[in-house]
Amino acid sequence: MSRWRGFEHDSKGVNRHHKIAKSEWGSNHPDNIELMEVIKHRALHILFLNDKPIEQLQTSLNINTSVLIQDCRKEIETVLEFWKNQGREAYNPNVLKWRH
C-alpha cells in the first residue's frame with residue numbers, strides 16, 4: 001500500500017515535461033517543453049522512461065498490436081520505418097541539442 005501511496009503523494013499541480021528528454025539530447029527550447037499535471041508526467045515516465053518519440057510509438061504499437069486492425073498496424077509500421085530512415089532529420093531541430 002505505501003508503495004502506491006508514494007506515487008500519488010505530492011502529485012498535485014503541474015511541472016515541466018521535456019518531450020525529448022535532456023538525457024536523450026533534448027533541449028530547453030519551448031517547443032520541447034510542455035506543462036503537464038505531475039501525476040500524468042510520472043505515469044508517462046513509468047510507461048516510456050526517457051524513450052525518444054519513435055521508441056514511444058514502437059512501445060505503443062507493441063502494447064496495442066492485438067487490438068489494432070491490420071491496416072492501422074501497417075500504417076504505424078510505415079511511419080516507424082520512415083522515421084527510422086530519417087534519423088535526426090525527422091525531429092524539429094529546435095528541440096535538439098546539437099552535441100551528438
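Predicted model: local features only at pLDDT ≥ 70, side-chain atom pairs only at ≥ 80, totals over all residues.
Residues are numbered from 1 along each chain as its sequence is written, and side-chain values use heavy atoms, with hydrogens and water left out. Local features need pLDDT of at least 70, side-chain atom pairs count only at pLDDT 80 or more, and totals for chains, interfaces and linings use all residues.

**Exercise 1.** Describe the lining of the largest pocket.

*Solution.* 
- Step 1: A pocket is an open set of points on a 1 Å grid over the protein atoms alone, where a 1.4 Å probe fits, with protein on both sides within 12 Å along at least five of seven lines; lining residues have an atom within 4 Å of a point.
- Step 2: find the centre. The lining has 22 residues, and Lys-19, Ile-20, Asp-51, Pro-53 and Gln-56 lie nearest the centre.
- Step 3: assign elements (DSSP runs, helices of at least four residues and strands of at least two). Strand E1 (14-18), helix H2 (38-48) and helix H3 (53-64) each supply at least two lining residues. H3 gives the most, with four.

**Exercise 2.** Classify the ring pair Trp-25 and Tyr-91, then the pair Trp-83 and Tyr-91.

*Solution.* 
- Step 1: apply the rule. Rings of Phe, Tyr and Trp (its six-membered ring) pair if their centres lie within 6.5 Å; planes under 30 degrees apart are stacked, over 60 edge-to-face, the rest tilted. The count comes to two aromatic pairs.
- Step 2: take Trp-25 and Tyr-91. Their ring centres are 5.2 Å apart and their planes stand at 85°, so the pair is edge-to-face.
- Step 3: Trp-25 lies in the loop between E1 and strand E2 (33-37) and Tyr-91 in the segment after helix H4 (70-86), so the pair ties together parts 66 residues apart in sequence.
- Step 4: take Trp-83 and Tyr-91. At 5.7 Å centre to centre and 45° between the planes, this pair is tilted.
- Step 5: join them. Trp-25, Trp-83 and Tyr-91 form one aromatic cluster.

**Exercise 3.** Are Trp-25, Tyr-91 and Trp-83 buried or exposed?

*Solution.* 
- Step 1: set the cut-offs. Buried means under 20% relative accessible area, exposed over 50%, partly exposed in between (1.4 Å probe, protein chains only).
- Step 2: compare. Trp-25 is buried at 10%, Tyr-91 at 11% and Trp-83 at 19%.

**Exercise 4.** What does the side chain of Asn-32 reach?

*Solution.* 
- Step 1: locate Asn-32. This residue lies in the loop between E1 and E2 and is buried, with a relative accessible area of 0%.
- Step 2: name the partner. The Asn-32 side chain reaches the backbone nitrogen of Ile-20 at 2.8 Å.

Definitions and conventions
Polar contact = N/O pair within 3.5 Å; in protein donor to acceptor, adjacent residues only side chain to side chain.
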